[in-house]
Amino acid sequence: MTINEIQDEIIEEFTSLDDWMDRYQLLIDMGEEQDALPASDKTEQNLIDGCQSRVWLVCQRDEETGLLHFRAESDALIVKGIVSLLIRVVDGHTAQEIMDTDLYFIREIGLTEHLSPTRSNGLLAMIKQIRMYALAFTLK
């Protein structure tokens, strides 16, 4: 699937729920489905600056395909759901695809409007880190 097809799928999942409490529950459920990171990946180097909660993000590039693969974890349930959504969109795509994409699903599902200012800052920090990984791999 393309990045935009994945974003459209997420928009459909979230807009089918009228109540934001149900949407928060969906985020929590998504976070709970995310595989835990091994302790060896929970390092200062993988910790995202700017998040109120602790969020670790790891990116590796498949040398054969050039696709980037992301893994993440957070110590907060909703934040873990947010980062799992971001990973769902960008995982398995090239660095250039990630750099070129507009993550419009965030606007379309109304996520930023329903997050506290500190969580919104954390979301921006997660996006920035994903883009920094993509940029680093486009320069290699």
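This is a predicted model: local features need pLDDT of at least 70, side-chain atom pairs count only at pLDDT 80 or more; totals for chains, interfaces and linings use all residues.
Is D102 buried or exposed, or something in between? Its relative accessible area is 41%, so D102 counts as partly exposed.

How many salt bridges does the structure hold? The count is six, and I'd like to walk you through some others.

Take R71 and D41 next. Their side chains meet in a salt bridge, with 2.7 Å from N to O. Here the pair links distant parts of the chain: R71 sits in strand 2, while D41 lies in the loop between helix 2 and strand 1, 30 residues apart. Now look at how each partner is placed. D41 has a relative accessible area of 14%, so it is buried, because the cut-off for buried is under 20%. R71 has 30% relative accessibility, so R71 counts as partly exposed.

The loop between helix 2 and strand 1 comes back in another pair. The side chains of R54 and D75 meet in a salt bridge at 3.4 Å, N to O. R54 belongs to that loop, and D75 to the loop between strand 2 and helix 3; the two are 21 residues apart, and again distant parts of the chain are linked. How accessible is R54? Its value is 47%, which makes R54 partly exposed. D75, at 46%, is also partly exposed.

There is a network too: salt bridges link E9, E13 and R88.

The largest nonpolar core has 46 residues. Which residues have the most contacts inside it? They are F70, L86, F105 and M126. Several elements supply at least two residues each to this core, including helix 1 (3-15), strand 1 (55-61), strand 2 (67-74) and helix 6 (117-138). The largest share, nine residues, comes from helix 3.

Let me finish with F105, one of the residues with the most contacts inside that core. What does F105 touch, once we leave aside neighbours within four places in sequence? F105 is in contact with Q7, I10 and I11, and also with L85, L86 and V89. Notice L86 in that list: like F105, L86 is among the residues with the most contacts inside the core.

Conventions: Residues are numbered from 1 along each chain as its sequence is written. Side-chain values use heavy atoms; hydrogens and water are left out. A nonpolar core is a set of buried Ala, Val, Leu, Ile, Met, Phe, Trp, Tyr and Cys residues joined through side-chain atoms within 4.5 Å. Buried means under 20% relative accessible area, exposed over 50%, partly exposed in between (1.4 Å probe, protein chains only). Helices (H or I, at least four residues) and strands (E, at least two) are DSSP runs, numbered from the N terminus. Contact means heavy atoms within 4.5 Å. A salt bridge is a side-chain nitrogen of Lys or Arg within 4 Å of a carboxyl oxygen of Asp or Glu.
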